[in-house]
Each structure stands twice: as C-alpha cells, then as structure tokens.
Amino acid sequence: MLHSARLVLSGHTSVSAFALKPSIKTTSSLGFYMDQSPPLKLKQSHQPHLVCQATTGDDAVYLRDDESPVHGLSKVVVGVLGGGQLGRMMCQAASQMAIKVVVLDPQENCPASSFSYHHMVGSFDDSATVEEFAKRCGVLTVEIEHVDVDTLEKLEKQGVDCQPKASTIRIIQDKYQQKVHFSKHGIPLPEFIKLDDLEGARKVGEHFGYPLMIKSRRLAYDGRGNVVVKSEEELPCAVAALGGFNRGLYAEKWAPFVKELAVIVARGRDNSISCYPVVETIHRDNICHIVKAPANVKWKTRKLATEVAFNAVNSLEGAGVFAVELFLTKDGQILLNEVAPRPHNSGHHTIESCYTSQYEQHLRAVVGLPLGDPSLKTPAAIMYNILGEEGGELGFQLAYQLIQRALTIPGATVHWYDKPEMRKQRKMGHITIVGPSISNIERNLASIVEGKKLDDTTAVAPSVGIIMGSDSDLPVMKSAAEILDIFGVPHEVRMVSAHRTPELMFSYASSAHERGIQVIIAGAGGAAHLPGMVAALTPLPVIGVPVRASNLDGLDSLLSIVQMPRGVPVATVAVNNATNAGLLAVRILGVANNDLLSRMSQYQEDQKEIVLSKGDKLAKHGWESYLNSS
C-alpha cells in the first residue's frame with residue numbers, strides 16, 4: 001500500500017510524494033525520498049529507487065520496516081562504503097541471493113544507486129556520516145579503500161563488524177606501509193625506499209638506477225600517483241607532478257617484468273582462503289585495459305603466483321575479496337606490486353567466466369556464507385575496459401559504437417556502468433568475451449575495437465587439427481574430416497611434415513592449444529615420425545593414423561607410432577582407419593560436451609539399427625539374394 005510522505009530535498013521546500021508504508025519514525029538527520037529521475041543513456045530500468053540523503057532540519061523521517069522478516073541467503077544487511085561500478089556489480093550479485101546491500105556515496109546518481117536496497121547520499125570519508133550509516137548495517141565493507149579508517153577503527157571498538165578489518169584498510173591505504181608490511185612477512189617485492197627530499201631522491205636514483213618508479217603513498221590508483229623517471233634530470237618534475245614531498249612519496253626499483261599478473265583471493269570469516277586462476281593484465285597509460293584469463297604462463301609460474309597471493313592475503317585481517325597484482329620478471333620471479341582489499345578490475349571477467357563471481361564471493365565472505373567455487377567454467381575469457389575516448393557527448397557516441405559492435409560477437413557480454421558524465425580515460429563500462437581459446441577471443445576483440453567484420457573462418461575456432469606429412473595421405477585422412485563434419489565439430493586440415501618442414505611442425509604443435517585446438521589427428525606413412533614428434537611438443541592428446549605406403553602394408557607406420565617412449569603418449573587406430581580417429585576425437589571432446597556425447601550415443605544407436613536391418617534382410621531373403629542386391 002502506498003502512503004503520502006514528504007520529499008526531502010536539500011535546500012528546497014518539502015513536497016508531497018509516494019513512499020512505502022512507514023513503520024519506523026526517527027528524528028535523525030537523514031531524509032528518504034523516491035527518485036524517479038529521467039533515465040540516463042542506455043538505462044533500461046525506469047523504476048524508482050529509494051535514496052537516503054542528509055538533511056539539516058529536524059524533520060521526521062520514515063524508513064523501511066527493517067524488522068520485517070528477511071528471507072535471503074543471509075539476514076545480514078551489508079553496508080558498502082562507495083557506490084561506484086564495483087558497488088553496482090556487488091549489488092547485482094546480491095540481488096541473486098536476496099541479500100540486502102546499502103551503499104554510502106556522495107553522488108546521488110552513483111552507479112550503485114539504482115541497484116542498492118538503500119542509498120545514503122554522503123561522504124564515505126566523513127566520520128559522522130559513516131557512523132550514522134553504520135547503524136543501518138549488519139556488516140560494513142568497502143568498494144574503495146580511500147575511506148576514513150580512523151572512524152572504522154572507532155566503530156570496531158564499539159562492536160561494529162567491519163570486513164575486511166580496519167587494520168587491513170590502514171595498511172593498504174598507505175602504499176609505502178603496505179610494502180613494509182609485506183616485506184616483514186617475507187613476500188617478494190621490488191626494492192623500495194621512502195623519499196624525504198630531492199637530494200635523497202637523487203641518491204636513490206644512483207642506487208636503484210633508471211628508470212625509477214616514484215609513487216605517492218596515498219590516493220594512487222588508475223594511473224594516478226605514479227611517475228616513471230628515466231633520468232636524474234626528470235626527478236624535480238616528477239616530484240612536482242606528484243604534489244611534492246609533503247604529500248608523502250616513495251621510490252621503487254624498476255622491476256624488469258615481462259608480464260603483469262593478478263590473482264583474486266577470497267578469505268572467509270573462518271579464515272579459509274580460496275584463489276581464482278591467475279590472469280594477465282595489460283595496462284594502457286597505467287590504467288588496466290585488458291585482462292586475459294587464464295594467464296598464458298607456465299604451470300610453475302601460475303603456482304608461484306598463487307602462492308605469493310595466498311601468503312599476502314593470509315598476512316592481513318578480515319574477510320572479503322582481495323586483488324593481488326604481481327610482476328613476472330625475465331628470470332621467472334614473481335614480485336608483489338600491490339594489493340586491493342576489495343573486488344577489482346582484474347576480476348570483472350569472473351561474472352561470466354567463473355562458477356562464482358568475485359562480487360558474489362565478496363558477499364559470501366563478509367556475511368559468513370561458505371566460499372564458492374572460483375574455477376573457470378569456460379576455457380578462456382578476456383575483459384576489455386571501455387574507457388572514455390573523448391569527453392562529453394562525443395565520448396558517449398564512440399562508446400555506443402563500440403558497444404553496438406560488441407553485441408554482435410558470440411560470447412560477448414557488455415557491462416555499462418551508467419555514469420552520467422563522460423571523461424577521457426574514465427572507466428565507463430567493460431566487455432567480457434568468453435570462448436574456446438585466448439587467440440580466438442583476441443580475434444573477436446579485434447573486430448570490436450577495430451570494427452572489422454568477422455568471417456565464418458574466424459568466428460568459429462577449430463577444436464580438432466588434422467595434419468599429415470604429404471598430400472598423398474589426404475585420401476585416407478579425409479575420412480576423419482568427414483566424421484567431424486557429421487558431428488558438427490569445427491576442424492582444420494593442414495599439411496605439416498616432420499622431415500620437410502620441421503620448423504612448421506614445431507610451430508604448429510607448440511601453439512595448437514593456445515589457438516583452441518583440443519585434439520590433434522596426425523596421419524603418417526613410412527617412418528611415421530609426425531604423430532610422435534607432435535605429441536612431444538604439445539600437451540594435447542594426439543591420435544596417430546598409420547597410413548599404408550607402397551611397402552610393408554602400413555605395418556611400419558603402425559609400429560613406429562606405438563613404440564613411442566614412456567612420457568610421450570600417442571593413441572592410434574588401425575592402418576588407414578582415419579574414420580576411427582575422427583570418432584575417437586569426438587569421444588574425447590564429448591567428455592566436456594554433453595551435446596557431442598549425446599550425438600555419439602545416437603551414432604552408436606544408428607550403427608546398431610543398420611546392423612539389425614541388414615540382419616533382418618539377410619534372414620528374410622537368404623544369402624544369395626542378399627549378395628546379389630548389395
């Protein structure tokens with residue numbers, strides 16, 4: 001039932017409005033009103049949302065009935081300091097579990113406002129506002145670490161549940177203290193030192209060498225607060241650009257990294273820790289531009305990166321999701337760059353690519369639910385940040401053109417943050433593309449960014465590679481291709497000789513899995529080295545097809561394939577039986593593809609019916625008639 005209530009607008013006269021039936025009356029300095037503002041660009045929902053806003057008078061305020069039964073997955077109301085895009089996606093995840101999320105943000109139409117249970121308009125860096133906001137929360141968390149940590153510590157002493165803990169926020173707010181903390185806990189880091197004056201900075205430059213990274217201790221993110229100094233002469237300008245030594249600066253020795261990696265780590269209230277797959281992050285102008293999941297690095301590197309991330313988060317206090325940014329150096333070291341105590345840009349892809357998104361995981365963690373499965377549910381994913389190319393209306397138009405192209409791409413999902421103002425380099429949204437391989441997704445991404453139309457050959461990545469050493473093998477190997485066509489399995493047919501084109505063979509075998517190939521069928525006659533050599537170069541399953549040559553009736557090829565040494569397995573089939581090689585490839589793929597498994601069962605049923613039909617014909621007409629009619 002709707003009742004009349006007052007619309008409280010700062011600096012305006014109260015007017016009549018509709019609100020939910022009131023049940024609690026208070027005289028606090030908060031006013032709730034129903035806002036049905038005109039929809040912003042690309043905004044689909046026109047439903048009014050409930051907002052709370054600070055007021056200066058003693059007017060009575062009516063709140064929702066917070067004592068009504070809560071039937072979500074958690075009865076805890078989650079309060080989030082900050083209502084940006086991270087808060088928006090956290091609210092979206094909360095709605096799936098019917099968890100109530102309230103946000104505190106100074107912008108009335110912040111990205112999270114339309115999805116939150118309540119939005120309190122106010123500064124998350126103002127002590128009195130944060131204290132008032134905390135009264136409406138069962139647990140307090142953050143989507144930005146630049147909050148009033150003194151107030152958080154005060155609230156914790158009063159019994160307010162803050163996750164992660166205020167001590168963790170304090171450590172991470174000051175990037176120099178963050179380095180000191182992790183250094184004390186044995187986490188590998190680039191060398192660093194505090195800067196107090198220009199003479200000290202010059203000495204640090206002499207000691208560390210150039211290029212040298214100068215960083216602000218506080219309020220540094222998305223490219224802000226970092227300057228790369230290439231020579232001693234650039235030091236004064238760099239210090240001035242960062243606001244001077246009084247702001248608090250420190251220097252880092254340049255890390256000769258070959259890739260930047262990241263690991264999202266979740267920590268539960270029971271101190272259980274769960275790590276997401278390692279991803280590669282690519283930055284443009286020091287702002288995260290592209291994230292590739294999983295990172296294309298060796299297994300040992302993934303393991304080491306996960307260990308460093310685990311140990312870093314394990315040294316902190318409190319529950320939630322943490323983002324650990326890392327450097328991979330030329331010599332294979334993993335060095336910690338920095339940690340964020342919240343969901344992160346490097347984890348946006350998890351919404352589409354993982355069984356549990358980082359946003360759902362953060363909510364699970366802070367309210368005390370069991371942590372979800374962080375593993376990938378798709379072979380590969382790429383996240384592309386939609387950054388403002390230009391300011392104003394032109395920037396919106398360019399973004400919309402990009403989005404329109406993205407909506408035509410298989411596996412692509414667009415997230416638009418509904419920010420009212422476009423600025424250059426501002427994060428306005430992101431696109432996540434999932435697919436069979438990073439290389440396939442990269443082609444799709446290129447078509448979005450560059451505006452190139454995909455043709456049929458690039459739209460679908462091959463799952464099976466059929467290779468042979470000579471065109472004389474093609475009449476045999478075509479049977480494998482025919483089988484794959486019957487089952488609708490995308491494949492490629494290539495000529496790759498172990499003896500005549502060894503470089504091509506090496507390139508093909510070592511890159512096949514990166515391109516999305518999942519099974520290789522290799523045909524060879526005579527010495528039949530191709531299947532074994534390819535199996536030695538790829539982690540993929542290889543099926544060797546012995547091809548009958550002019551001598552030895554194909555037995556030499558068969559024996560060559562089955563005599564591979566331990567550690568280099570090659571499956572094989574009968575001589576010239578590429579049909580079975582194709583069927584075996586389908587069965588291998590069917591382990592993770594229910595459609596293929598079902599089609600294989602139907603194929604077997606069809607084969608059974610063919611044999612039974614022939615048997616009935618033989619029994620009915622006799623063998624002579626059967627042979628004559630065949």
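Contact means heavy atoms within 4.5 Å of each other. Helices (H or I, at least four residues) and strands (E, at least two) are DSSP runs, numbered from the N terminus. The model is predicted: local features need pLDDT of at least 70, side-chain atom pairs count only at pLDDT 80 or more, and totals for chains, interfaces and linings use all residues. Residues are numbered from 1 along each chain as its sequence is written, and side-chain values use heavy atoms, with hydrogens and water left out.

Helix 11 covers residues 392-406. Its 15 residues reach 22 Å from the first C-alpha to the last, close to the 21 Å expected at 1.5 Å a residue. The expected span is 1.5 Å times one less than the number of residues. Several residues of helix 11 are buried: Gly395, Phe396, Ala399, Tyr400, Leu402, Ile403 and Ala406. Buried means under 20% relative accessible area, exposed over 50%, and partly exposed in between (1.4 Å probe, protein chains only). Seen down the axis of helix 11, the buried residues fall within an arc of 160°, so they line one face of the helix. The arc is that of the directions from the helix axis to the C-beta atoms. These buried residues pack against strand 21 (380-387), strand 22 (412-416), strand 23 (427-435) and helix 12 (438-450).

Strand 12 (residues 212-216) is mostly covered, with 5 of its 5 residues buried. Leu212, Ile214 and Ser216 point one way, while Met213 and Lys215 point the other way. Ile214 stands opposite Val227 in strand 13. In strand 14, its bridge partner is Ala251.

Two further residues are buried. Lys179 lies in helix 5 (residues 175-184). Its relative accessible area is 2%, so Lys179 is buried. Not counting residues up to four places away in sequence, Lys179 touches Leu189, Phe192, Tyr250, Glu252, Leu336 and Asn337.

Arg342 sits in the loop between strand 20 (334-340) and helix 9 (350-353). Arg342 is buried because its relative accessible area is 13%. Leaving aside neighbours within four places in sequence, its contacts include Leu86, Val142, Glu143 and Val321. The side chains of Arg342 and Glu145 are joined by a polar contact of 2.5 Å. A polar contact is a pair of N or O atoms within 3.5 Å; within protein, one must be able to donate a hydrogen and the other to accept it, and residues adjacent in sequence count only if both atoms are side-chain atoms.

Key: Pairing = 2+ DSSP bridges.
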